Structures are given as structure tokens and as C-alpha cells.
Amino acid sequence: MSKYPPGKYTPAVEVGLDRMRDMAKGNFDLKWMHANSAGWGHQVTPGPTGLRMRDIETGYYGQVPEHGSTHGSMAPRGCEVPPGTRSLPMYTMNEMSEVWAENAGLLYDEAVVRQWNSITDVPWDKLQKLPDDIERAVCQMCTGLTEVEFVAGDMPAKWLCRINHDFHEVKLFLASQIFDEARHLDVFRKRALANGGGLMMASPGQEELLATILEAPDYTTASALMHIFGEGFVLTLFRQGEFLAPTEVEKAIFRLCMQDEARHVAYGVKHLKYFLERNPDRAEQVHKILDLGEQAIFTLTLEPQTSEPRAILAGGGLANIELGAQRMAFIYAKQVKEYLRRLEIAGLDREPRLTIPKEIPYEDLAA
Amino acid sequence: MANTTLFPSTQWFQALAQRMDQDEAGYRELGPLECTMVVQVEAPTGTELYEVGFEGFKARSVRKLASVAEAAPEHFVLEASLDTWREMIENTRANAGPDLTHTLNYLTFPDEPMRVTGPDQLEVDAFYRYNQSLQRFFNGAADVPTAFAP
């Protein structure tokens, strides 16, 4: 008597058992062997550093559709999708211009080969006992960065699962960004806890900016606000962190994070450029979200738990905090200048619309 | 001085490129880079420009330029006086790598004594994106006995 009598299992299992019975009799389907003839015989030449995405996404497979496929499945771009494949309603971002950037594949390649980790790539053995005011300043700076870093993971995660699978270059890049941000959160928390200090005060000012990013009405405005504006400002803070680093440990941390952040900014600039070239009428929406972001970051920049630790580090100690604040006054102007220049590349003339000062006249204000 | 290489010169940057070749495993750990760097040296005798093109784990080209206009369209420029370059190189040689106040980022961040510029901000951002590799490239100076132009 058969161990699998008809009718014992659900219809879906029965279909599978029927299929197995056929195979046991030597009846194989093999239709898949002749599927997708247009995509067969693809020729690939690896680049000098290995097999990069740009090396395989050529010809038939390099054709990215302006309107993503309507089958709504996870089927990879370029394969044959059998009729009856289930459609998943979650993919609501189906227009290339909503997400695309010409450098997305390149930046993904770069991200995966430039990976690092906070366990072995930071020379923790070079940590030194620091004066109390310096250690507190480093720990406060790391607390703030731990808080801010993961928005740049949460924001792409919020949108990633909505993006059509035909735009896998973008999905992969955003996935790499989420892991970059995880590493940043990890390494800043680790530094705050590693040298006898600890986490210090959270930043209500940062939460305002983070909320604006997470609540942005669509992906492109969220990206403009986060990739170009927020991460551009943070990139400068990372450069400043390397500049102010009291030991080789912080130096290494900030240098590694700086590289990651610059990739995210590069994607944001190229995405906004691609988007605005095809949707010039949407520029006003981008301006409006940047209005909000600028207001939030101005408050944040001058929040004591953000600005004062950096002034202490720049001055060389609490006793010289005023000198440090003067020394670091140029940072803000640098952030604004680079922000405007990045938007210019993207095709957005922001300067006439800027809602915050281009520089903080620290000495005038002090007078 | 015997067995020294003059800075700035094509030979000096080629010496760093050779060290990069010999250190491929180290560069592989950092990841490949694709960018063009122009080094601008303001010397008492005038401005000198050198272009280093990076691809993968190699400096694929080194050449002297008559002007920045000759550089590859996508590039960034590191500008400093000869004295600043000299101090950075000597510090790198003395410490087998730069100390905390002689890294490329440290020197360029306040826009003095060194500046990074480029045709657009994304080109400048390439300096940030590949900073570890570029720093390692200049760290190669630790092994290059260097003489300096008067």
C-alpha cells in the first residue's frame, strides 16, 4: 500500500506528489532549459579589480526599464517570468526616476569591497587615558553620532521594500547603506563605552531633523533631505572628528566613516539630478522639505550637546572652550557651502531659497 | 644627497606608485579606488602640478601638468605650499606614517595649510570617499628618501 494515498494531503502537496511520481517514471519537464533565449549566451569580461556589477549589467541585462515591470514579483530583471507568478502588492515604487542614480551600481560595488568592522579595523589597543574633560567631550560627540546614525539606516529600510525589483542596483546600494549605518552606530557606541566613560546626553534637536527625514512624503524628498543635506553635514562632522581626534583610535573611526558617508552623499546627488531632469516641476517639493531640514539643522548645530564637546576638543580642553568655538566657527560655513554646491550638481539652485545664514559670525555675536 | 628623490617631481610620485604596487594586499584590504588626484605645489620658483590617476589598486599614471586644465576632467586638486608638503613628508618619514596632525584630512579640513578643490563638489567628495587609500599612498613616503627643491 502506498505511503502517499491520493487525498491524504492538501491539493498543493498532491500536485507536488504527482510531479514526483512523473519524475520517478522519467518524465521531466525541462522547459526552463529553453527559457529566456534572449538572455542566453551573455558575455562578460571582469574588470581589473574583479567582476563588478558594471561588468555584468551590459547588453540585454543592462537595460533598465523606465517603468518597472508590472508582474510585481521578486523575479530578477532579465529572467523569464512564467504566467501565474504571484504578484506582491508591496512594490509601489515602479518608476525608474523615483529611485535611480547612474552611480548606484558603482557605489554598491565600492561599498561591498570597502567594508570594515569595528572589531578588528580600529586600533583599540591605542586607546589612552584622556583628561576628564576631553573624554567627556569625545563621549558626548559619540553619543550624538550614535543617535543620528541609524536614521540613515531606518530611512532606506522604510523605502527599500517598496522598490520594484527591476531597480536592483538601487536596492543593493541602499542595503549596503543600511549596513554602513549599522556599523557607524556600533563603532560610536563602542568608542563611548570603551575608555572608562559612557553614553551621555541625547539630542532633542537631532530628533527634530530625524523625524523630518522619516516623515518625508516620498522617497526623493526623503533622499534629498537625508543623503544630500543630512549626510552632507554629517560628512563634514566626520572630517572634523578626524581633525579633532585625540588618539589614533578616533582618527581611524572617523576616517572609515567618512568614506562611507561620502558614498551615500554621492548617491543622493546623482539621484536628485536624475529625478529633477525628468520631473522639473517637482523641484518646489524638494525645496520645501529642505526648508524644514535647514531649520532643524540650524537648531541642532547650536545645541550645547552638539557644539560644546567639539569646541572643547578644538580648544584642547574645557578651559579653552571659547577659543575652540572660534576655531570651529568655519565648520558651519563649510557645511553650507558644500551643501549648496552638491545641490547645484543635482540641478537645484538653492542659494536664493536658503533659509539659514551662510555662516555664523561668531565673533560679531560674541561682541 | 645620494639616493634621494626630489620633491616635487614625477619620479617622486612614481616612487610612491611603485610602493603601491608592492603593497597591493594592503590596498586590497581598503578597497579599490577610481579617481584622479592633482597635487599642486606652490614653490618659490612657481607652481608645479602633478597628476596621479588611480584605478583599482594601482596608480595607473603619473605625469607633470603645465596647468590644471590639462588634468583629466574628473579630478580633485590638493594644493599646498612646498613648505607644507615638506613638513608633511618629513613628518611621515620621521614617524613611519603621519602623526595626528599631519594626515591629509587634518591638513585639508580647515582649508589651510592645504586645500582640496575640484571642478565640482562630487569630485572633491572623491577625496573623502577614498581617503584611507589616498592616505596610504602618501604614507609610502616613509620609504622614499626625499630631497626638496630649493
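Of the 367 residues in chain A, 41% are buried. The model is predicted, and chain A has a mean pLDDT of 94. Chain A contains 15 helices and 0 strands. In the contact with chain B, 26 residues of chain A take part, along with 21 residues of chain B.

**Overall build and confidence**

- Along the principal axes, the C-alpha atoms of chain A fill a box of roughly 90 × 50 × 45 Å.
- Among contacts in chain A with a separation of 6 or more, 78% join residues 24 or more positions apart.
- A pLDDT of 70 or more is reached by 98% of the residues of chain A.
- Among the elements of chain A, the lowest mean pLDDT, 67, belongs to helix α15 (residues 362-366), and the highest, 98, to helix α3 (residues 96-99).

**Side of chain A that touches chain B**

- The contact between the chains pairs 26 residues of chain A with 21 residues of chain B.
- Four helices of chain A each supply at least two residues to this side: α4 (104-113), α9 (219-244), α10 (248-278) and α14 (330-346).
- The most comes from α10(A), which gives 10 residues to the side of chain A that touches chain B.
- By class, the residues on the side of chain A that touches chain B are 13 nonpolar, 3 polar and 10 charged.

**α4(A) with α10(A)**

- The axes of α4(A) and α10(A) are 10 Å apart, and the packing angle is about 170°.
- Angles over 145 degrees count as roughly antiparallel, so α4(A) and α10(A) are roughly antiparallel to each other.
- From α4(A), the residues A:Ala104, A:Leu107, A:Glu110 and A:Ala111 meet A:Arg263, A:Ala266 and A:Tyr267 of α10(A).
- The contact of α4(A) with α10(A) consists of 5 nonpolar and 2 charged residues, with no polar ones.

**α9(A) with α14(A)**

- The helices α9(A) and α14(A) pack at about 140°, with 9 Å between their axes.
- This angle therefore makes α9(A) and α14(A) oblique to each other.
- The crossing of α9(A) past α14(A) is right-handed.
- On the α9(A) side, the contact is made by A:Ile228, A:Phe229, A:Gly232, A:Phe233, A:Thr236 and A:Gln240.
- On the α14(A) side, these residues meet A:Ile331, A:Lys334, A:Gln335, A:Glu338, A:Tyr339, A:Arg342, A:Leu343 and A:Ala346.
- The contact of α9(A) with α14(A) divides into 7 nonpolar, 4 polar and 3 charged residues.

**α8(A) with α11(A)**

- Helix α8 (residues 204-214) and helix α11 (residues 283-301) of chain A pack at an angle of about 165°, and their axes lie 8 Å apart.
- At that angle, α8(A) and α11(A) are therefore roughly antiparallel to each other.
- The residues A:Gly205, A:Gln206, A:Glu208, A:Leu209 and A:Thr212 represent α8(A) in the contact.
- Their partners in α11(A) are A:Leu292, A:Gly293, A:Ala296, A:Ile297, A:Thr299 and A:Leu300.
- The class count for the contact of α8(A) with α11(A) is 5 nonpolar, 5 polar and 1 charged.

Methods: Residues numbered from 1 in each chain as written. Chains lettered and ligands numbered in written order. Predicted model: local features only at pLDDT ≥ 70, side-chain atom pairs only at ≥ 80, totals over all residues. Contact = placed C-beta atoms within 7 Å. Nonpolar A, V, L, I, M, F, W, Y, C, P; charged D, E, K, R; others polar. Axes fitted to C-alpha atoms, helices over the stretch in contact; angles between N-to-C directions. Parallel < 35°, antiparallel > 145°, perpendicular 65-115°, else oblique. pLDDT = per-residue confidence, 0-100. Left-handed = near helix turned anticlockwise from the far one by under 90°. Buried ≥ 20, exposed ≤ 12 C-beta atoms within 10 Å, placed from the backbone.
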